[in-house]
Structures are given as C-alpha cells and as structure tokens.
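Try each task before reading its solution.

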Amino acid sequence: MKVPFLDLKAHHEPIREQLEAAVSAVIDCNAYAGGPFVARFEEEFAAYCGARYAVGVGNGTDALWLSLLALGVGPGDEVITVPSTFMATAEAITYCGARPVFVDIDPRTYTLDPNLLERAITSKTRAIIPVHLFGLVADMDAVLAIASRHGIPVVEDACQAHGALRHGRKAGTLGDTGCFSFYPGKNLGALGEAGAVITNDAQLKTKMQVLRDHGQAKKYFHSMIGWNGRMDGIQGAVLSVKLKGLDGSNSRRRAHARSYNELLAGVDEIVLPVEPASCQHVYHVYAVRVPERDRVLAAMAERGISCGIHYPVPVHLQEAYRFLGLGEGSFPVAERCASEFLSLPMFPELTPEQVETVARELKVCVASLNVHECVA
Ligand SMILES: *Cc1c(COP(=O)(O)O)cnc(C)c1O
C-alpha cells in the first residue's frame, strides 16, 4: 500500500462545492484584495481563537514581519527565537533590520527551552518569538514570566498550531501577537497563500492594518512606509469555509497520532512526540526521532511510504545565515534533532489501514538497520 505524505485532494473534495461557491461570491462582488470577505474571515478567526482582533495578511512570513514592525523592532535590535523552525521565522527578524539570536530547544517538546532564555537576553532584545513547532504550544508560562520580567514583547509563531491549546487557551492568544500561515498544507490552509496575526492590542492591530496596506490609513495618504501585505479576497472567502472544518480535522489528526503512539510504543530506537498534560497538540507534523534517519527515510520511500524532514538543517547552520558566525555545536539539541527527525504521513483523511501500514513499515525499516549494524 502506498501512503502519501499529504493528500490535499482528499481534503478538498468533500467541500468542493462550498469552495467553488465561495470563489464565485468573490467574483460577483469584485472584492479581490482585502475587502468584505477578508473582514468576515478576520472576525471569524479572531472569535475562533478567542482574540479580540485578527489582521489578514499575505502569508505567515508577513504575519511575523508585520508583528515585529508594529512592535517597533528595527536595525540594531535583537530578536530571540529558536534554530529549529522554518526559515521564515528568522527571515522576518532579518527583514526588520534586526539580528536573530537563537536559543536551543527542549529535547522532549522541541520548543524553546525556557531554561536557556534568560542568558540570551541583552539590552538590545526587543522581542521573543517562541515557535509552536509541529503543533505543540511552547512552554509559554515560563517564556511569558521571563519576558514580562524584562518588559520584552512576545510574538508567537503559531504557523503550525491552528487550534492548539495550552491550559485551555488557543495558540496565538498568549503573547502580544500570534502569527498564522494558511499555506495550503497547514492545518488551516487556503487555496493559495495567506496568513493572519491575532492580538488583543487595538494599537498593534491598527498599526498592522496600516502597514499591510502601504502605510495608508486613508487611501493615498501614507503616514508610514508600509508594504503590500494584504490577504486576497478569494482566500478570505475560502478560509471562512475551511475554518468550519478545522476542529474536526484537528481531532482526526490527534486520533491518528494516538494510533501511531500506540503502534510504535516500546521500540527503543524510535522516540515518539510528547504532549504535556497542559497542552493539546494538533500534529501539523507527526515527527519521530530515529537513528540513521536518512537510511530510514530512503527505506520507507522504497516501500511506498512518503515521509518528510522538518527540517534537515537548523536555521543557524543555513548558508544564508553563515554571517552570524554560528558553527556546528552552537545548539546541540536542535542539531541532533535535525539529524534524527522523521515526519510520518499526517493529514486528517488518513485511514486506519494507512496508519497501521506506516507504523508496521517503520518498525521493519528500523529493525533492519540493526541487522546492518551487526553485519558491519
Ligand atoms: C509555514 C511557516 C511559516 C511561514 O508561513 P508562510 O505562509 O509560508 O509565509 C513561518 N513559521 C513556521 C513555523 C511555519 O511553519
């Protein structure tokens, strides 16, 4: 049995008519850039998250960047984040003219290790961006306690954590702003590119609304240098349809994760993801850690199982960030995880048979590694 890593076709087919109707409605109204469909989705998404405001933007990278700009981050500043993330988190910092300062991750949760946070704070630190990697909210209690002691704002990178909970509160509502990507493969995905920032701060909301629209609060009167960071009307309309299915999709992901956990339990070589009691993980990615990951990945592919790696190179070791001068060994946990992470197929429409097949094949692949080791 072949198992794809992701199956967006299976995800969209049951709601195809609603999606087509949403696109049609936008064509009827000529509301393509921002406009009423985006405004409606903003209201719905803010309400879903339990935030006062949502600001629809072009993508998740815009969400992070405009959050930082609205908080006043600029040249000469430092912003703390983790090296175990998608490149965009650091890019947003760099595009403000600021310098990313990395803090290693916790080896169990794969999110910012709060024990290492305080020593990374300097007089130039202007923001902290914890990343809710794979769909698990970072240890926000500890991060917020340290941040507030130092008076530093917190921007949540919730681009993988739509609907995830910590102490019953939604990802993105814990910090000063929460940033979301609606890239098609995310837990809530558009039919193209889109993103949003949520916040309870009216001033930040207004500033981001102006920044995303060329710095104009009134048409053709520009109070600041902004950017074109608006959300498409079509994406807003589509996201209103898809938001209705988010909780259902997340609970299916969680059920698949429970099955994987049960089926893979007790295999010494496989490290399973954890879900702290305070959290509800939404498994945007179900990542295990295995020895000789690249060989396991290839063996799985040979057996028709598509796995992924999120991410093979931690951000501080990316060529683009060589100028930071952070060599190998700088962040040992992130580096080790990058060499061991293996993302198994995870999407709501997976069948129990597919989940069983993936788990069975993974156990076979990992066991055959040991045989090779013995022979060598
Ligand atoms: C997807 C993602 C982003 C960027 O979102 P885009 O919509 O692709 O710009 C940022 N951070 C993380 C952790 C992501 O997974």
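This is a predicted model: local features need pLDDT of at least 70, side-chain atom pairs count only at pLDDT 80 or more; totals for chains, interfaces and linings use all residues.

Residues are numbered from 1 along each chain as its sequence is written, and side-chain values use heavy atoms, leaving out hydrogens and water.

**Exercise 1.** Find where confidence is lowest and highest in the protein.

*Solution.* Start with pLDDT, the predictor's confidence in each residue, from 0 to 100. The protein averages 97, and 98% of the residues score at least 70. Next, go by element (helices, H or I, of at least four residues and strands, E, of at least two are DSSP runs, numbered from the N terminus). Helix α12 (residues 352-375) is lowest at a mean of 86, while β5 is highest at 99.

**Exercise 2.** Work out how strand β9 (residues 195-199) is enclosed and which strand pairs with β9 over four bridges.

*Solution.* First, check burial (under 20% relative accessible area with a 1.4 Å probe, protein chains only; exposed is over 50%, partly exposed in between). Five of the five residues are buried, so β9 is largely enclosed by the rest of the structure. G195, V197 and T199 point one way, A196 and I198 the other. Then look for pairing, which needs at least two DSSP bridges between strands.

**Exercise 3.** List the contacts of N250 beyond four places in sequence.

*Solution.* Locate N250 in helix α9 (residues 246-264). N250 is buried at 4% relative accessible area. Using heavy atoms within 4.5 Å as contact, you find Y48, H162, G163, N187 and V282.
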